[in-house]
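Here is a brief report on one protein model.

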Amino acid sequence: MFCTFLFSVCKRFNQLSFGAIFPRRGQLRTLAIGWALLALSACNSLPEENQVLRKRVAQAIGAVEARPIGDSLTIDVAQVANFPWDTLYVFPTTAEVERISRAIGTPWPGGENVHEDDNLWVFMHQGQIADYVYFRGVNNAKLPNFVKFYGHFRIGQLFTPATAKFKAVRLPISPEWIDLFPPQNRPVLRPGYDPKAYIPY
């Protein structure tokens, strides 16, 4: 909404005729357009991560740590992410910015790739990014609201509030990690997205 407002102000400024009041109209117009473009570019940057959502996700997944090794629990993401969203895209390991953009169907404003052992969840609402959480690998355990888990998902796998029910397990082979599994259904991807397509560097 703010970006639309800036665009309309810039357009209106360009249409005005200031005449003798502002003799350097061209310079003022250029300055206004420059500021508007700068503000619009800021609108395309990734906002700060929602720590409330991050904490809720971390607590939901981390709750399995209080259970015996080999035990599990089911996480209903629709209950955890209690805001309007209709699609969740999951990136459980290395994924380039371009691949993320292709998977979600809109440019991903994050400036860096998802790295190995990272987990990025992108929540969408009506084709727009609604929110996200980004859990970096084990070396970032000191980050706020951190939980150490390994996602067993396809890169860019798609879920809805009805299907986003994940199983968190403490496996005997790696009890220091929480293994997170999707429902036992065939992976769903956004139509037209091919996770195996070559992404040039």
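Asp117, Asn119, Phe135, Arg136, Gly137, Val138, Phe146, Val147, Lys148, Phe149 and Trp177 line the largest cavity. A cavity is a set of points on a 1 Å grid over the protein atoms alone where a 1.4 Å probe fits but cannot get out; lining residues have an atom within 4 Å of a point. The volume is about 30 Å³, taken as the space filled by probe spheres set on the points. The structure holds 1 cavity of 30 Å³ or more.

This is a predicted model: local features need pLDDT of at least 70, side-chain atom pairs count only at pLDDT 80 or more, and totals for chains, interfaces and linings use all residues. Residues are numbered from 1 along each chain as its sequence is written, and side-chain values use heavy atoms, without hydrogens and water.

The largest nonpolar core has 27 residues. Such a core joins buried (under 20% relative accessible area, 1.4 Å probe, protein chains only) Ala, Val, Leu, Ile, Met, Phe, Trp, Tyr and Cys residues through side-chain atoms within 4.5 Å. Ile61, Val77, Leu88, Trp121, Phe166 and Leu180 touch the most other members. Helix H3 gives the largest share, 5 residues. Apart from this core lies another, of 16 residues, including Leu158 and Tyr193.

Arg99 sits in helix H5 (residues 97-104), a DSSP run of H or I with at least four residues. Arg99 is buried, at 10% relative accessible area. Beyond four places in sequence, its contacts (heavy atoms within 4.5 Å) include Ile155 and Tyr193. The C-alpha atoms of Arg99 and Ile155 are 8.9 Å apart.

How values were computed: Helix = DSSP H or I, 4+ residues; strand = E, 2+ residues; numbered from the N terminus. Buried < 20%, exposed > 50% of the residue type's maximum accessible area, 1.4 Å probe, protein only. 1 Å grid on protein atoms, 1.4 Å probe; cavity = no way out; pocket = protein on both sides within 12 Å on 5 of 7 lines; lining within 4 Å.
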